[in-house]
Amino acid sequence: MILPQKTTSCLLIFLLVLAVINSTYANNSDKYVTPIASKKNFPIASKGSVSSILISDDDYTGVKRVVGHLQTDIFTVTGSKPNIMMTDSALEDYVIIIGTLGKSKIIDKLVKTGKIKTKDLKGKWEKFITQIVENPMPGVEKALVITGSDKRGTIYGIYDLSNQIGIHPWHFWADVPAKKQSELHVIPGKHTQGEPKVKYRGLFINDEAPALAGWAKENYGNFNAQFYDKVFELILRMKGNYMWPAMWNNAFNDDDPLNRPLADEYGIVMGTSH
């Protein structure tokens with residue numbers, strides 16, 4: 001969705017703030033997805049098929065929502081849509097396991113059986129670790145496990161994988177196309193960006209009227225949950241967690257009763273406007 005020039009100019013501070021959010025992390029993860037197949041690597045996509053995604057039904061609703069984004073992202077890149085499973089029965093040789101420490105029964109079971117360690121995640125702020133686990137459970141030969149220390153940590157891990165396979169954080173707002181790929185493989189190692197240096201990171205939408213307000217009304221009817229869904233997704237893909245809405249003639253909680261619960265679902269911390 002390419003915004004009109006005058007709308008884009010009104011989002012200048014929006015863009016500048018988000019442009020530096022990633023730099024607040026202690027470590028930027030290296031490239032860990034390759035088109036090269038190997039016995040040591042994990043196949044996200046190979047030879048026309050993609051690995052299914054396994055999550056626990058008791059995990060956060062926001063995590064499950066973002067897993068759906070990953071499903072779409074993999075389809076965008078490969079042309080094949082992975083299945084999403086919420087039970088550890090009837091599994092496949094290769095699965096992508098995603099969950100939050102202490103919230104996902106599947107992740108907690110991997111911890112209990114010694115398949116993954118928690119010392120690098122327990123008590124951490126918004127941290128994730130992505131790693132390959134051999135024989136994580138009966139019927140599964142190899143899994144790619146994304147574990148978050150908390151809700152946003154898991155969400156960041158999911159979006160980090162999306163970025164690694166070629167989905168740019170600005171894919172919607174700037175119409176950034178994804179390169180089609182048929183082979184996607186994760187290399188061994190613990191892949192993480194650590195904890196952020198700055199606890200709260202986000203954006204303030206500056207001078208939203210009339211340009212952004214007109215665009216939002218034309219496309220969504222108002223500054224409602226459909227509009228904020230796209231904004232919150234962008235913030236989280238950029239590994240932010242905070243938003244301060246500028247409201248000339250609007251009020252975040254009153255414009256749409258779904259705005260506040262949507263922010264809570266995504267884990268976005270809302271400030272108050274001036």
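1. Basis. The model is predicted, so local features need pLDDT of at least 70 and side-chain atom pairs count only at pLDDT 80 or more, while totals for chains, interfaces and linings use all residues. Residues are numbered from 1 along each chain as its sequence is written, and side-chain values use heavy atoms, with hydrogens and water left out.

2. Confidence. The average pLDDT (the predictor's confidence in each residue, from 0 to 100) is 90 for the protein, and 88% of the residues score at least 70. Over residues 1-16 pLDDT stays under 50. For that stretch the model has 33 contacts (heavy atoms within 4.5 Å) beyond four places in sequence.

3. Aromatic pairs. Rings of Phe, Tyr and Trp (its six-membered ring) pair if their centres lie within 6.5 Å; planes under 30 degrees apart count as stacked, over 60 as edge-to-face and the rest as tilted. The count by this rule is 13 aromatic pairs. Phe42 and Tyr94 make an edge-to-face pair, 6.2 Å centre to centre with 75 degrees between the planes. This pair links distant parts of the chain, 52 residues apart: Phe42 is in strand β2 (residues 42-46) and Tyr94 in strand β6 (residues 94-100). Helices (H or I, at least four residues) and strands (E, at least two) are DSSP runs, numbered from the N terminus.

4. Burial of that pair. Buried means under 20% relative accessible area, exposed over 50%, and partly exposed in between (1.4 Å probe, protein chains only). Phe42 counts as buried because its relative accessibility is 0%. Tyr94, at 28%, counts as partly exposed.

5. A helix-to-helix pair. Phe232 and Tyr266 are also paired edge-to-face, at 6.0 Å centre to centre and 70 degrees between the planes. Phe232 belongs to helix α7 (residues 225-237) and Tyr266 to helix α9 (residues 259-266), 34 residues apart. Both Phe232 and Tyr266 are buried. They belong to a cluster linked by ring pairs, with Phe172, Trp215, Tyr220 and Phe227 among the other members.

6. Charges over rings. A charge sits over a ring if NZ of Lys or CZ of Arg is within 6 Å of the ring centre and within 35 degrees of the ring normal. The charged end of Lys230 lies over the ring of Phe172, 4.7 Å from its centre. Lys199 has its charged end over the ring of Trp125, 4.4 Å from the centre.

7. Helix packing. Axes are lines fitted to C-alpha atoms, for helices over the stretch in contact, and angles run from 0 to 180 degrees between N-to-C directions. Angles under 35 degrees count as roughly parallel, over 145 as roughly antiparallel, 65 to 115 as roughly perpendicular and the rest as oblique. Helix α3 (residues 61-78) and helix α5 (residues 151-165) pack at about 5 degrees with axes 10 Å apart, which means that α3 is roughly parallel to α5. The contact includes Val66 and Leu70 of α3 and Ile155 and Ile158 of α5. Helix α6 (residues 211-220) and α7 cross at roughly 115 degrees, their axes coming within 9 Å, and are therefore roughly perpendicular.

8. Two single residues. Trp248 lies in the loop between β11 (242-244) and α8 (252-255), and is partly exposed at 48% relative accessibility. Beyond its neighbours within four places in sequence, Trp248 contacts Asp207, Glu208 and Ala209. Gln131, in strand β7 (residues 128-134), counts as buried at 11% relative accessibility.
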